[in-house]
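Hello,

Here is the structure I promised to pass on to you. Have a look at it first, and then read on for what turned up in it.

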Amino acid sequence: MKINVNGRDYKIAAKPWRTLLEVLRYELGFTGTKEGCGTGSCGSCTVLMDGKAVNACLVFIAEAKGKAITTIEGLSREGKLHPLQQAFIDEGAVQCGFCTPGVILTAKAFLDSNPQPSESQIREAIAGNLCRCTGYDKIVRAIMNAAQAADKGRV
Amino acid sequence: MSKYSVVGRRLPRVDALSKVTGEAVFSGDIALPHLLHGKVLRSPYSHAVIRRLDVRKAQGLDGVMAIITASDVPGYKKRSELTFSELPHLAKDKVVYAEQPVAAVAALSKEIAEKALDLIRVDYEALPPVLDPLEAMEPTSPLIHQDLYTNIIPNPEPGKKDRPSNIAYHVKINKGDLEAGFKEADMILENTYRTQKVHHGFIEPFAAVAAADANGKVTVWTQSQGLFIARQMIAQFLDLPRNRVKVIPVEIGGAFGGKTYQPLAPLCALLAMKSGRPVRMEMTRDEVLKDSRPAPESIITVKMGVTDQGTITAASAELIYDAGAFPEMSHGMFTSSNVFCQYKIPNLSLDTKDVLTNKVPSAYYRAPGIPQAHFAIESHLDIIARRLKMDPLELRIQNAAVKGDTLPNGEILPRVGFKESLEKMAEYLKQKGNLTGRNRGRGIACGFWHGAVGSFGAYIQVNNNGSVNLILGITDISGSRTSIAQIVAEELGLPLNKVTVVIGDTETAPWATMSVGSLTVYSLSTAVYRACQDVKAQMGSLAAKKLGADPSEIEFSKGLFQVKGNTEKSISFTEIARSTAMTFGKGPVLGRGALDGLPPAPTLSVHAADVEVDDETGKVRIKAYAVAQDVGLAINPLSVEGQIQGAVTQGIGWALMENYIFEKGVMQNTTLLDYRMPTATDVPMIEVLIVEVGSSRGVYGLRHVGEPPMIPVLAAVANAVHSATGVRFKELPLTPEVVLKGIKQRDK
Ligand code: FES
Ligand code: FES
């Protein structure tokens, strides 16, 4: 079967009951997608499936058939960082970085549907992504700043 | 205006780009050709005799390439497994904690490895587990290890024959005259406080990759807080000389003291040696929770005497830590240099025991044992302040330790910024105003961290375009790469992007102790500073030659070497750098710095938590949180704030929700849904008030940053809950059920 990752089709050898996470990490080499728990409770494996944030550890590869998957490796375009990536760097929202790909992708899907969120909406939106290093403070600020930057960009 | 141009600035981390793009390589990301997959067979019992262990059937399974049990571990033939700390304890004839490794398998795939585990036959004879440390201390208690004797510090009468015991370590410290001190007191208060077992909660599970070559040398990729300590531990396990083990650093997805422990790398290396193929092992989250080295449960009894005016005259504490099944470390080592230190207490005693039980062994978690001790002491002070009708912050200011005071361990306190931090907090809270509203309360707590230091080396290679490579042997768990690069940029007059930090492996990098005790930036900065001076001296003498001057006449400022008093005669750092690599040039400039024997710079802090308690559900919400901490000098305020905010959040988890739930010594809540850690909705923005009273030690007046902010959180939250509800909780965590029960009892 075929899946589309970061705009490109890949032919997959994996059995249909393999998880999307296993295929991304071990078959296709998208190791930016992390596994923190394997049971849907940490968010570090978050990828976008047709623009929606999903826990790749809970998605069987068969369900990803025909869907457009975006991993962290596919977020920057032509060497230019996505505003969220830049904001995470600037605000000090990255520490160990293990949660970072998942949080950024969750935030991307969230801002796409809610471009001008409040602080508490941001906190709700990333509540499924555990970060043990930052205390979330700088992550929340980075997402707010990215939203504001995008907002300015629109005017 | 700061006198520095790079130091002190809020600069993004040098490793941030690789982390927002997913390029950063963690140990689970390492792939090698023909990689095998390793899995560990673990004990389902917390205490059992192994009657039979038979791996033959598993060995016969297609695709199984190697199996190891305790009898294959070369290190076990040399010395007792009790002396192996933070290494896997492969069971011999007895298991002493649930999930203890019994065997490990390497196979062509994870599935085959898992199948092989099922085929290993182990006959256990279950024994009743010893689970309560108080019972375990009784002479009548069954022994966890028949051959463990209490390590008493300082030693009792020499030559006294002791009996084996479950008390692994017993550390006693006295100062002044306790009895006389209590006699001077107008009020004496004694209470017992308890804390639960909690996990570091790093999001990256343990993983390791190992490969062995034909000459019997092994190469290991593993997340470790110290490359060289990992090398030493793996070499010990394999009984190899240290230069036969090479450890290659990888990014570390959170450590917090929990990743000096090497649960996989030694097994992985042995499997690689046995199979002749590279092996990768990864733990599931369930394994991570059950077989890490979490923080111990504690039972802490504090007795304190004060005068009516609020002066502390005497204090004693008996601290009992549930060490779990192996004597991995002594908490007394930490309590004796960190407890009762933030106040002037002329007469005191400390008695700390690590007691073994049939539970997962405990070891280092961000200020080991000290948040627990401060939960007890700072709750105790809160009670005293209320009884004396004193403002809790005022009581602390009044008793605050100052430079020149003698610490319980006999050390003299150097310059600290405790009073300054207390005053800054008082001012901040005044500005903020009193907390109003039903069920709301504010809690104050302080903390002391003695700090640690290590032995470190640093190399600086000057590249011929004027950039430099800083080569270190220490993994980065706190943003240390960035802070240290800022120091190099400052000293050499370079922009930050001209400093590349390279973390070498154990064969290329200079020695480094390890990243523990909040020592990394503090110690490393001095070594790196010296390497910078070495570079400047070498480049200075090259400049002198070019400028036709004596090296003593050369000064360096803003990237230029110039002859003193003659601005005309100068040459840039870059120009000299260029000349060093010419065929007929002066050869490369390689600066070198080393550090040993720097005393630590104690760090004090004060926290204020504002909470709101829902009296219908018992849920505690943290409404606001502020920290005033003397960091000496914040090399990178962004990074300092980040460390503090992260530690506070971990502390909030400890105070309110995290807990190991055991049944017969087997952990029951082994997913992250059941072992609940704070999410973004559980914490507010965390206000960080940076205080900079430079320490008199080390360079730039730095102090320790990472552990201190963990220490006061438990008490700050519990004190706030008391002020919101009027209920004093002496046991953690303050889950909604616990708080609701307390409120109901209050209303009875
Ligand atoms: S790994 Fe998928 S949610 Fe944790
Ligand atoms: S940065 Fe380490 S878990 Fe988020």
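A word on terms before the findings: a residue is called buried when its relative accessible area is under 20%, and exposed when that value is over 50%. Please also keep in mind that this is a predicted model.

That cut-off settles the case of B:Asn439. Its relative accessibility is 15%, so B:Asn439 counts as buried. You will find B:Asn439 in the loop between helix 13 (418–432) and strand 17 (440–449) of chain B. Its backbone is worth a look too: phi of B:Asn439 is positive, near 60 degrees, although the residue is not a glycine.

A:Tyr136, which is not a glycine either, has a positive phi of about 70 degrees. A:Tyr136 sits in the loop between helix 4 (119–125) and helix 5 (137–154) of chain A. With a relative accessibility of 1%, A:Tyr136 is counted as buried.

Now for the chains as a whole, starting with chain A. Its secondary structure consists of five helices and five strands, and from the N terminus the order is β-β-α-β-β-β-α-α-α-α. How does its radius of gyration fit its 155 residues? A compact globule with 155 residues would have a value near 15 Å, and chain A has 15 Å, so the two agree. The C-alpha trace of chain A spans about 45 × 35 × 25 Å along its principal axes. Of its 155 residues, 56% are buried. The accessible surface of chain A is about 6,500 Å², and carbon and sulfur atoms account for 50% of that. Chain A carries 19 positive and 15 negative charges, whose mean positions are 4 Å apart.

Chain B is built from 19 helices and 29 strands. Its radius of gyration is 27 Å, close to the 27 Å that the globule rule gives for 748 residues, so chain B is as compact as a globular protein of that length. Along the principal axes, the C-alpha trace of chain B spans about 85 × 75 × 55 Å. Buried residues make up 65% of the chain. If you take the contacts in chain B between residues at least 6 apart in sequence, 80% of them join residues at least 24 apart. The accessible surface of chain B is about 27,100 Å², with 50% of it belonging to carbon and sulfur atoms. There are 82 positive and 79 negative side chains in chain B, and the centres of these two sets lie 2 Å apart.

Helix 7 covers residues 227–238. At 1.5 Å a residue, its 12 residues should span 16 Å, and the end C-alpha atoms are 16 Å apart, so the length agrees. Helix 7 is mostly covered, with 10 of its 12 residues buried. Among the buried ones are B:Leu227, B:Phe228, B:Met233 and B:Phe237. What do the buried residues of helix 7 pack against? Their partners in chain B are helix 3 (74–78), strand 11 (218–222), strand 12 (245–248), helix 8 (265–275) and strand 20 (499–503). Just after helix 7 comes B:Asp239, with a positive phi of about 50 degrees.

Helix 11 of chain B, residues 370–387, should span 26 Å with its 18 residues at 1.5 Å each; its end C-alpha atoms are 25 Å apart, which agrees. Helix 11 is also mostly covered: 16 of its 18 residues are buried. It is followed by B:Lys389, which has a positive phi near 55 degrees.

B:Thr260 lies in the loop between strand 12 and helix 8. Is B:Thr260 buried or exposed? Its relative accessible area is 4%, so B:Thr260 is buried. Leaving out residues up to four places away in sequence, B:Thr260 touches B:Glu86, B:Gln225, B:Met233, B:Tyr364, B:Met514 and B:Val516. One of these, B:Met233, is among the buried residues of helix 7.

The other spot is B:Pro733, in the loop between helix 18 (713–725) and helix 19 (736–747) of chain B. The peptide bond leading from B:Leu732 to B:Pro733 is cis, with omega near 0 degrees.

Best wishes

Conventions
Residues numbered from 1 in each chain as written. Chains lettered and ligands numbered in written order. Heavy atoms only, no water. Helix = DSSP H or I, 4+ residues; strand = E, 2+ residues; numbered from the N terminus. Rg over C-alpha atoms; globule rule 2.2 N^0.38 Å. Buried < 20%, exposed > 50% of the residue type's maximum accessible area, 1.4 Å probe, protein only. Contact = heavy atoms within 4.5 Å. Areas by Shrake-Rupley, 256 points an atom, 1.4 Å probe, with all protein chains shown as cover. Lys, Arg positive; Asp, Glu negative; His and termini not counted. Charge placed at Lys NZ, Arg CZ, Asp CG, Glu CD. Expected span 1.5 Å × (residues − 1).
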